[in-house]
Amino acid sequence: NDDDMHAIPWTVVSFVWLYCICWGIIQDVGKVICYYFMEKYGLIKTSEIITQGDLDGITTTMRGDGVNDAPALKRADVGIAVSGCTDAARASSDIVLTEEGLSVIITAIVTSRKIFTRMKNFVIYRVACTVQLLFFFFLSAIFYDPSEFHTPSGDDYDSDDEWPSYFAIPVLALVTITILNDGTLIAVAYDNVHASKMPDKWELNNLYLVSSVIGFIAMASSLILLEFALNSHADDSIWQGFGLESLTYNEVMTTMYLKIALSDYLTLFNSRTKSWSWSSVPSPILMGAAFIATFTSTFLAAYWPST
């Protein structure tokens, strides 16, 4: 009828109007999504350019959980995917949080800084012990001739009492030092440390300087004690001045074994703090390892076979 014929144009107009509205909404939503995505991506890109340019040292961090966050997570210096994130976000991030909330980020930062501090303590302790062992045996073997300090003569002369022309200790004694030293090194991973207030970075020059000073001080004290022990037969020696009896060569070797072992193990407490060694309480595991090492070395020095 005529009414239906007149209704058709209005129906078409209404359909076109609804279509335009819906298409506009879709376009607006698409623009918002694209803008949101490109804003994140562009923000990280801009930060990276700034970092490489005038503002060196700035680290960009991105947190996300969806597919749209994946490019930004990938481009950021540190990408953090929160709990319940998509596979794309998880694959693009550097850190994946397994618990709800963002407080675990603080826990991760504190834990990582503690691990870094333990690594620095490990390096300082390892280098200091190596410096003392290597340089002490190198210098003592080259510059010390025990036979010059003691030459048996007279009716009590015995060829077995002759001192060698260079100083050395048994290889087995050196092996026990290194084995016990490895035990104390492992305990460093379980030590109580404080997280640094600022981000850490490797300063190898400072690490090697500190460890070398600690190692050379221990080495110098070992050489001084070796000088006193070898010269213990002289009437005017410092050893005799303390009222101590003169030493045989086996006793000299035992004395130096105990000195080197104890100074190595006790260096652990100097290496673990930047201040005085008693400024931070060590962990029970570290104390136990140090006690076992020192007790074992003392026991071997007291009951090592004289031959």
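Predicted model: local features only at pLDDT ≥ 70, side-chain atom pairs only at ≥ 80, totals over all residues.
Three strands make an open sheet in the order E1-E2-E3, with parallel pairing. Residues are numbered from 1 along each chain as its sequence is written, and side-chain values use heavy atoms, with hydrogens and water left out.

**Exercise 1.** Work out which strands are the edge strands of the sheet, and how the chain crosses from E1 to E2.

*Solution.* 

Step 1. Two strands pair if DSSP finds at least two bridges between them.

Step 2. Take E1 (residues 61–64) and E2 (residues 78–81): they pair in the parallel sense over four bridges. Look for Arg63, which sits opposite Ile80 in E2.

Step 3. Follow the chain from E1 to E2, and you go through helix H2 (residues 70–75) in a right-handed β-α-β crossover. Right-handed here means that, with the strands pointing away from the viewer, the path from the first strand over the helix to the second runs clockwise.

Step 4. Now go on to E3 (residues 95–96), which runs parallel to E2 and is joined to E2 by two bridges. Ile80 has Ile95 as its bridge partner in E3, while Ala81 has Val96. The chain gets from E2 to E3 through helix H3 (residues 87–92), again in a right-handed β-α-β crossover.

Step 5. E1 and E3 are the edge strands, since each pairs on one side only.

**Exercise 2.** Decide whether H4 and H9 are roughly parallel or antiparallel, and find which residues meet.

*Solution.* 

Step 1. Two packed helices are described by the angle between their axes and the distance between the axes. Axes are lines fitted to C-alpha atoms, for helices over the stretch in contact, and angles run from 0 to 180 degrees between N-to-C directions.

Step 2. H4 (residues 103–143) and H9 (residues 249–271) pack at about 160°, with axes 9 Å apart.

Step 3. Angles under 35 degrees count as roughly parallel, over 145 as roughly antiparallel, 65 to 115 as roughly perpendicular and the rest as oblique. H4 and H9 are therefore roughly antiparallel.

Step 4. Contact means heavy atoms within 4.5 Å. Among the residues that meet are Tyr125 and Phe136 in H4, and Met256 and Leu268 in H9.

**Exercise 3.** How is H6 oriented relative to H9, and relative to H4?

*Solution.* 

Step 1. H6 (residues 171–187) packs on H9 at an angle of about 10°, with the axes 10 Å apart. That makes H6 roughly parallel to H9.

Step 2. The residues in this contact include Ala173 and Leu180 of H6, and Tyr257 and Ala261 of H9.

Step 3. The axes of H4 and H6 come within 11 Å and cross at roughly 170°, so H4 is roughly antiparallel to H6.
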